[in-house]
Amino acid sequence: MWQIWVDTGGTFTDCVAVDDSGRTHRAKVLSTSAIRGRSRAATHPYRLSLQVGWSLPEDFFRGARIRPLDHSDLWSTITRFDADSLEVEVEARLGDMWTEDRAFEIESGLEAPILTAHWVTHTPLDRRLPPISMRLATTRGTNALLERRGSPTALFVTRGFRDLLEIGNQQRPDLFALNVIKPEPLYDSVIEIPERLAADGSVVEALDLDTIESCVRETLGAGIRAAAVALLHSFRNGDHEARLKQFLLDHGFSHVSCSAELAPRIKILPRAETAVVNAYLSEAIEIYLTGVRNALTEGRLHVLTSAGGLVQADNFQPKDSLLSGPAGGAVGAAAAAVRSGYNRSIALDMGGTSTDVSRYDDEFDYVFETTVGDVHLLAPALAIETVAAGGGSICHFDGQRLKVGPQSAGAAPGPACYGAGGPLTLTDINLLLGRLDPDGFEIPIDPDAARAAAADLVHQMEQESQDAVDRDRLLSGFLSIANERMAEAIRRISIRKGYDPAHFALVAFGGAGGQHACDLARILGITTVLIPADASLLSAVGLGRARVERFSERQVLRSLNETEPHLGEWFHALADEATKTLLLEGVEEKDIEIRRRFLYLRLLGQDASLEIEYAEDEPPADLFHRAYQSHYGYPGGSSPIEVESIRVAASSRLIDREESTELVRPYPVDPIGIRSSFLEGAWRDLDLFRRSDLSPGAQLEGPCLVLELHSATLVLEGWRGSIDPYDTLVLEVKDSSRGQTRD
């Protein structure tokens, strides 16, 4: 059975696959499922010759549609694809548009993960796929939330709390803004429920469903089929929510999200927000996963959660999808760093739409409350910071200052150099400044379009300022802005949490990570940069290293003195609960391990708690006081300690690969050419290397440019590089006496 790992991002979908014989296959396509290339002039009214490097089977594209990239309405259906001559035959006569070499686009009509599965398995688009075990990370839920493309949703809340989410927590999104614009709620209607529970879960007012029947029918009549249920104190007693859920399903709602099922925690506000988000995204996620699952007629589908664990598609909750893609990159980066001997690493995932950063220090850093867009959620997730600085981030001048993002050119139209009329982006700037190889892309690149977009920006600025503008310094300024924004994101997950980034290796990946890695390392004082093999596909590689995982939790809210004798028993019960869910996922009991036990403690009266790794052989109070001193810089004193909650993480065991026993002999490598690049305010000739030519032991010196399929790495002056036994490009500052060392 094929093993296929797919990460669908905002711009590109990355795929890594392993066939039955153990061979690895790779694919990278636009997330719009469009395939681009360049054609030769048409020599026959119904046949077109393609200038591409594909090696695909006969009639692979049969049934797909092709058009000139700059003419959105001139679609022609492909009736035949000749694999030897790379010719397509179309149903209708080709027009005059094909009389000269031209960029084209093929539309498959398939979801991007399924398109990549056809690509790597060499299965024609109109035929059934072979048996596949697919692992999928997706931004479908994130995009639907940020772009407000979810389902019409009704919120059912305890009577008297209809304005709960509108009032929120009263925090101003921008402290100094005079005109605060509140985001519109995700739900379309609110229905108040006559019921009330006390803080201990006892019934104060019984649930009365008869009184809301007319409101429910009216809501269904308005076309609303998704419901979120959030009742006061239901985390103590979920009976009212469960009965209301069944009532709504019986009356015709297609999806009902209950806050007590999704997030059995105190605090009605984030619990209600979590239920609303889950209901709002339910249809979009269900349709997407159903489409992917139906295309996999034989096989299995697991989806990656925001916490970096795998869940069967049938058990996947939309609330757990919002950091799915970035989590795959974090897992892949940590695995690559550990394999190369670095147990402390910072992941830099710079893709087409955004950059995601995370920290690994022998274990992942988790959060259990996350904010995505303007929504606060109770859901486990890896601690990932995201900034809108990707290769597709739009670079513009607003009349007063230069800006990078937050808008992105996305997959369509994409950067200006993609030739589809897109705006100036960071990808265009790296191309124009000599940091990219135009022949290294699998889609056709038009440098002239990038130059024209840059010239338009220069003209705009000269018109407004009445001063001459140096194009290259202007473009270099955009790179500096992007680098500072990414560096600040890294500071948030390191320095602001008490960690010096200089003591970590920076793992740079994604299509654009290698172009900015050395600049970022220099800003942050990092002395070691790792560029793993398959760096542009590392999020997909990370899916292959992910575990099937579950969290179980219990809200406690009692003093440590009172609960300490029971902690071992409670952790054991949570471990059994998490183990049972993994067994239902098909994981064998012998392959299940309880990876972590979390204890959340705080001083009595405090709102924020500290995460403690529970250890049976050390008093929790001692662990808490050390963590308190480290976090706040002063001791906690003699105030009583409260146990806020406990959690257990159970997962399938990870089968570690054997360490390399290959004896690596260092050897210098000769460049394949010279590339002129703009560095430090001047154009310089850089040595050019091809990554595929570098075997373990290869040594190189900066400044130079290392080119590979889908990406490139800029090595600055003062840095040296070498290829380790795992084909990772290790970059180190020359004569550095501090920083990250191998463990």
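Visitor: In the hairpin of β29 and β30, which residue takes a positive phi?
Guide: Gly605 does, with phi near 100 degrees, and six residues lie between the two strands. Strands here are DSSP runs of E with at least two residues, and helices are runs of H or I with at least four, numbered from the N terminus. This is a predicted model, in which local features need pLDDT of at least 70, side-chain atom pairs count only at pLDDT 80 or more, and totals for chains, interfaces and linings use all residues. Residues are numbered from 1 along each chain as its sequence is written, and side-chain values use heavy atoms, leaving out hydrogens and water.

Visitor: In what sense do β29 and β30 pair, and over how many bridges?
Guide: Strand β29 (residues 592–603) pairs with β30 in the antiparallel sense over four bridges; pairing requires at least two DSSP bridges between the strands. Glu611 in β30 is the bridge partner of Tyr600.

Visitor: Changing topic, which peptide bond to Pro406 is cis?
Guide: The bond from Gly405 to Pro406 is cis, with omega near 0 degrees, and Pro406 lies in strand β25 (residues 402–408).

Visitor: Where does Asp534 lie?
Guide: Asp534 lies in the loop between β27 (528–531) and α13 (538–545). Its phi is positive, about 55 degrees, although Asp534 is not a glycine.
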